[in-house]
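Thanks for coming. I will take the pockets first, then the overall fold.

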Amino acid sequence: MAEPGEKLPEEVLALIFRHLPLRDRAAAAGVCRSWAAAATSSAVWHDTNISFDCEGAGMLPPYLSTCLNHVHNLCLEYKPSRKPSRRAATELLTALAGRAPGLRGLRLECSGEKPLFDAGHDILDAVHAICRAARQLRHLDLRHLPFTLNDELVLQAARGCPELRSLFLDNHTLVDSVGPGSVLKLLEACPHLRALGLHLASLSRTVLEALAAPDREPFALLALRCACAEDARVSPLPNEAWAALSHRHPELAVELDLEPALSAESVNGILQPAMPVAALRLNLSGDAVGPVRFAARNYAATLRVLEVRASASAELNAALEELAARCAGLHEIHCFCVVRPSVLEAFHAHCPRLRSYTLKLKREPHPWLPTLVR
């Protein structure tokens with residue numbers, strides 16, 4: 001009698017199994033020999049998403065250690081406040097570091113709150129181990145880790161991951177411990193780096209000049225978060241440095257997140273006319289009208305996404321209408337306060353590439369969901 005899986009080729013079974021949760025992959029592998037071969041094939045594990053929230057602790061199948069050899073891109077989600085979830089994530093990362101030559105991409109996601117005064121040493125030690133072992137790592141995304149990242153981690157990535165194409169360290173933390181010096185060493189050690197996410201305090205004029213060097217490979221994305229005390233105290237980066245960087249990399253896009261910790265003076269120093277800002281997210285405790293007008297008058301050629309969290313006012317409505325008239329290439333506009341009807345009309349009239357917007361004409365229960373433009 002034929003086994004259940006013998007009616008389908010292994011390639012077809014692998015396409016099916018790659019979409020299954022971890023627990024179901026384990027169950028499939030126990031059905032018969034052909035299903036076990038398909039469930040442990042590289043096609044199933046090349047791009048892997050594992051959540052220790054929904055999978056639960058202790059649910060890893062015995063053959064996972066073998067399958068780790070096939071993992072090229074891993075997105076790992078866990079809950080830092082739940083010890084079993086956290087322990088499982090740490091053990092998986094540590095095991096992966098022991099057989100990481102094939103790893104190309106790692107993205108870590110934390111859901112829920114982290115314990116008070118938790119520095120995340122267990123998870124960060126495991127990330128260090130990955131960086132020491134994964135010589136072929138191309139992409140490392142830590143922006144959803146709630147822990148302070150430091151120079152030691154950046155230098156470890158520089159030493160161990162020379163093939164990096166993207167590194168995102170612009171996470172939500174109240175302290176930034178990555179200095180411009182370690183970023184410079186990273187750029188020197190990783191010549192293929194094309195995308196970088198940092199806190200503003202990790203940037204300097206010298207870093208911009210290194211990015212603009214004649215022998216630098218094309219650089220595509222610089223994501224900057226301005227949220228902590230160090231970001232608020234940083235000296236403004238001169239407009240001419242941004243102009244040189246934009247000239248060297250005409251396709252460069254800057255994503256800029258401005259948070260409540262910034263004073264109006266700091267915001268004025270951060271925003272420079274020559275910055276090729278493609279995404280601007282304003283969540284300021286003070287004036288948002290000035291930055292919106294500045295964006296309208298200086299980023300019309302590059303701005304694609306604008307997000308504003310501010311109090312409703314006639315001045316903000318007028319600034320948004322000006323931005324709509326000037327920024328014809330805008331793809332998204334999200335304003336989390338009530339606007340007047342003429343604001344919505346302006347974006348419909350002047351922004352033909354608009355894909356989605358959050359522009360409410362009256363108060364509605366939260367969450368405010370965007371409207372998709374068809």
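Start with the second largest pocket, which holds about 170 Å³ of space. A pocket here is an open set of points on a 1 Å grid over the protein atoms alone, where a 1.4 Å probe fits, with protein on both sides within 12 Å along at least five of seven lines; lining residues have an atom within 4 Å of a point. Points are joined across faces, edges and corners, and the volume is the space filled by probe spheres set on them.

This is a predicted model: local features need pLDDT of at least 70, side-chain atom pairs count only at pLDDT 80 or more, and totals for chains, interfaces and linings use all residues. Numbering runs from 1 along each chain as its sequence is written, and side-chain values use heavy atoms, without hydrogens and water.

The lining of that second pocket includes His 172, Arg 225, Asp 257, Glu 259 and Arg 281.

The largest pocket has a volume of about 410 Å³. Its lining has 19 residues, with Lys 114, Pro 146, His 172, Thr 173 and Leu 174 nearest the centre.

Now the whole protein. The C-alpha atoms fill a box of roughly 75 × 45 × 40 Å along the principal axes. Among contacts (heavy atoms within 4.5 Å) with a separation of 6 or more, 73% join residues 24 or more positions apart.
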